[in-house]
Amino acid sequence: MDKKMINLTIDNIPVTVPEGTTVLEAARSAGIKIPTLCFLKDVNEIGACRICVVEVKGARSLMASCVYPVNEGMVVYTNTERVRHSRRLTLELILSNHRMDCLTCSRNSHCELRQLAADLGIDAVRYAADKMMPQIEDSALHLVRDNSKCVLCRRCVSACRKLQAVGVIGPNNRGFETHIGSAFDRDLNEVDCVSCGQCIVVCPTGALSEKDSTAEVLAALQDPTKHVVVGPAPSVRVTLGESFGMPVGSNVEGKMISALRRLGFDKVFDVDTAADFTIMEEGTEFLQRLQNGGTMPMITSCSPGWIRYCEQHYPEFVPNLSTCKSPQQMFGALVKSYYAEKAGIDPNDIYVVSIMPCTAKKYEVKRPEQRMANGCMPVDASLTTRELARMITQAGMMFDHLPDGEFDPMLGISTGASVIFGATGGVMEAALRTVVAKVTGSEMAPLEFHEVRGTQGIKEASYELPGKTVRVCVASGLSNAKQVLDGVRAGELNYDFIEFMACPGGCVNGGGQPLQPASVRSFTDLRSLRAKALYKQDQSMEFRKSHENPVLKEIYETYLGEPGGHKAHELLHCTYVPQKRYRTDD
């Protein structure tokens, strides 16, 4: 049923919007930007910061436009002296309790608070407190929190609770003592944080940032005894450009490769190649379970944030997890085994760097379960998309002027199936392309599995294989994963194969992706635009199924043997174990 339309005026402009629209949204439809700080659409709509206040005719006080619904005949003013005075005063009071070392802050070029001060004409802070000291909490492997820069907007709290159903952070104490932290102010590494980084990408200031690994990578690049290899994940090529002012969804694969070469990496490979190995191993494992009565439903293991969530919150489902390593870890394992042997290099002299959309990858590279038989950890350092962008900037490269380069071929040929790994549903579609082809022995037409595409939180589909109907589910965002697992546990949902991604929308919306302000995140579908670029690349590729990858074929024939075989298991699989939700040094 169509919604009732509401007529109102905003700054003397007639506006007609559907019933239920907020004043903030109505103003935007009329080309009027109302400043916000705590607001993040569908995530944090609490009207707490009072920056977005407007004057409504007949109301005694100013109203928070982000939560105030429109009414028929309403008259709104967004730019009166009363409104401007209130916004400036509120912002000055927020700034009075904020450590302003802007020049050396990790968010100095894209801080929403700093931009807000400029937009509101704040040229002095009348209520500045005494010099504030940093309040650093860096116990986690992936994140640094500095509460001296926190503005108590609660966006991180809402992301953790609403999007991820983890809820390990929240406001502690009251009044001037209020601060964001874990229960009883425990360190983040002691609670059941899953390292997803969604709190970082919604934070408007430098209060939250990924733990920076660029210094150690630069040190490795300068070490003449190290052979440094790098591999970017599928989604990085369609997000990195945003860090350099390019439109959302720009595919900068060629420029990214050139930048990595100029940074000094000895080999620039593609983690997409490893993603094709993931499909071969995971698809083989799925068929074996399906045919031999294995633990079902089988659940994908590509997302380390999801894996940690499962181990901590749903340990009874650990046997359902695929034993496959993630593409990042398969990449490192292949570099330090197959490539090392072919190149005649001691694996201990190879330093592997991954470029990931994900802060949880920083946690994953430290997991002891990933250690190889030769004693090496597959990946030595994992950088986020943001960290790579900083390295490129600091190296003085004009990114948009770089020529297009090509990956080194030994581990640098990918398929369309591996490219779409970066979008929610991409792993499932890639697996289905190979599984269906292997089972039926024929080409698929059409190749696309549209039922598992899209940015919806939960998607379901059924496919007919010879003698078996395969029921699949795709969920992204841990709140959606929780909903699915609760249904499976209760016997209300029945699937054969489930893809879970920790971050809503998948890797294109990972916690390590370029930061976008709330004004963009609230009104631009970042997930769809980024995913669209991946599907577009898939359509143009010579090979679109993982089992067609010529590099993969060669490595199985000459090195690994059969998919799911002994050597493949030794290199490309691992075990996952239940973990305590709360940890201490005891």
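Helices, which have at least four residues, and strands, which have at least two, are taken here as DSSP runs numbered from the N terminus. Counted in this way, the secondary structure of this protein, which is a predicted model, comes to 19 helices and 18 strands. The radius of gyration is 25 Å, close to the 25 Å that the globule rule gives for 586 residues, and the protein is therefore as compact as a globular protein of that length. Along the principal axes, the C-alpha trace spans about 75 × 60 × 55 Å.

Turning to the interior, buried residues make up 59% of the 586 residues.

In soluble globular proteins, nonpolar side chains tend to be buried together. In this model the largest nonpolar core has 61 residues, and those with the most contacts inside it include Leu240, Phe265, Phe277 and Val335. Helix α10, which covers residues 327-343, supplies the largest share of this core, namely eight residues. If the neighbours within four places in sequence are left aside, Phe277 is in contact with Met330, Leu334, Leu552, Ile555, Tyr556, Leu560 and Leu572.

The protein carries 64 positive and 69 negative side chains, with the centres of the two sets lying 5 Å apart.

Conventions:
Residues are numbered from 1 along each chain as its sequence is written. This is a predicted model: local features need pLDDT of at least 70, side-chain atom pairs count only at pLDDT 80 or more; totals for chains, interfaces and linings use all residues. Side-chain values use heavy atoms; hydrogens and water are left out. The radius of gyration is taken over C-alpha atoms; the globule rule is 2.2 Å times the number of residues to the power 0.38. Buried means under 20% relative accessible area, exposed over 50%, partly exposed in between (1.4 Å probe, protein chains only). Lys and Arg count as positive and Asp and Glu as negative; His and the chain ends are not counted. The place of a charge is taken as NZ of Lys, CZ of Arg, CG of Asp or CD of Glu. A nonpolar core is a set of buried Ala, Val, Leu, Ile, Met, Phe, Trp, Tyr and Cys residues joined through side-chain atoms within 4.5 Å. Contact means heavy atoms within 4.5 Å.
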